[in-house]
Amino acid sequence: MTAAVEVRDARFADLVSSDAAIERVAAGFRFTEGPVWRGDHLLFVDVVGNRIIHWRQLPEGPVVRTFRAPSNGANALTLDARSRLVICESGSRAVTRIETDGRAKLLAHRYRGKRLNSPNDLVVRPDGTIYFTDPTYGLRNGTEGKELPFQGLYRVKPDGVIDLLADDFAMPNGIALSPDQRRLYVGDTDRRHIRAFDLHPDGRLAGGWVFAELDSSEKGWTDGMKIDCRGNVYCTGPGGVWVFCPRGQLLGRIVPPEPPANLAWGDGDWKTLFITACTSLYRIRVNVPGIPVPLGPVASQT
């Protein structure tokens, strides 16, 4: 284990203890991404390895196995209200869902007749609405086969209709909902910042202001994002996981040995933060639980 906490604000101690240690619990992958906790185990992606990994901690030690391969270039995973696995697939340029019988169902792959770029990250509301980002990272050279003239933020409504919500991102990436589900956060990797949008009950967005900047010359990039039950925002970025209070002030950072790409809450109390970082999977215990997945009608703020 390695000490991995950088305090920038005294309030950070309420969230992560100063002596909290980060532990590498799995290694040997090509590029880890997109984790989600499912019941008693973690699923995460080895993007370059083109597979989804199943990780579970048993009394005698961790068990790591391949859950799905090939994975169609899976990049991000989450669960819907029925605990079905919903996937952003950069290889197939689609958003899919694994049904209860194991079949894969296509949810989104085109917008107005044109193929999506490379669905990257997503979040699902309790009513089934899916919000996802669509940069170009999965395209060869970032441009080969590109049919849309923008990198968008979309929603898939419960009836299957796909709406474009914003097309002014440089490279939209991580995405997350606030505990009360009234705000949507989206990271823009190329601009090294997080944008926030007000979310109406019907799923429409308003606003679109810069919530926080992650500007640094350190190795890493603005990528995956998760939020705890108090509304604090955890986002992977240059040098580590950046933690912001609900007003956008930087509280501190969690710094794993490798540049992190994504993260997820887990364990029965939702106080373990799993971090996917290059060739490895890490975990660290925190003091405030994250928002459980799948989302309930209104996440707890205690």
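Modeller: Buried means under 20% relative accessible area, exposed means over 50%, and partly exposed covers the range in between (1.4 Å probe, protein chains only). This is a predicted model, in which local features need pLDDT of at least 70 and side-chain atom pairs count only at pLDDT 80 or more, while totals for chains, interfaces and linings use all residues. Residues are numbered from 1 along each chain as its sequence is written, and side-chain values use heavy atoms, with hydrogens and water left out.

Biologist: Is Gly239 buried or exposed, then?

Modeller: Gly239 counts as buried, at 17% relative accessibility. Gly239 sits in the loop between β23 (233-237) and β24 (240-244). Strands here are DSSP runs of E with at least two residues, helices are runs of H or I with at least four, and both are numbered from the N terminus.

Biologist: Which residues does Gly239 touch, apart from those up to four places away in sequence?

Modeller: A contact is a pair of heavy atoms within 4.5 Å. By that rule Gly239 touches Glu218, Lys219, Arg253 and Val255. The C-alpha atoms of Gly239 and Val255 are 6.5 Å apart, while the two residues are 16 apart in sequence.

Biologist: Which network of salt bridges includes Glu218 and Arg253?

Modeller: Side chains of opposite charge can pair when their charged atoms come close. The term salt bridge needs a side-chain nitrogen of Lys or Arg within 4 Å of a carboxyl oxygen of Asp or Glu. Glu218 and Arg253 belong to a network of salt bridges together with Glu6 and Arg8. Within it, Arg253 and Glu218 meet at 2.8 Å, N to O. This pair links distant parts of the chain, 35 residues apart: Arg253 is in strand β25 (residues 250-254), and Glu218 is in the loop between β21 (205-213) and β22 (225-227). Arg253 is buried, at 3% relative accessibility, whereas Glu218 is partly exposed, at 33%.

Biologist: How many salt bridges does a search of the whole structure find?

Modeller: The search finds 18. One of them joins Arg56 to Asp40, with the closest N and O atoms 3.0 Å apart. Arg56 lies in strand β6 (residues 51-58) and Asp40 in the loop between β4 (32-38) and β5 (41-46), so the bridge ties together parts that are 16 residues apart in sequence. Arg56 is partly exposed, with a relative accessible area of 33%, and Asp40 is also in the partly exposed class, at 38%.

Biologist: What distance, N to O, goes with the salt bridge of Glu89 and Arg68?

Modeller: Their side chains meet at 3.5 Å. Glu89 is buried, with a relative accessible area of 2%, and Arg68 counts as buried at 18%.

Biologist: What is the place of Tyr282?

Modeller: Tyr282 belongs to strand β28 (residues 280-285). At 3% relative accessibility, Tyr282 is buried. Setting aside neighbours within four places in sequence, Tyr282 is in contact with several residues, among them Ile22, Glu23, Arg24, Val25, Pro256, Leu273 and Phe274. Leu263 is 19 residues from Tyr282 along the chain, and their C-alpha atoms are separated by 9.2 Å.
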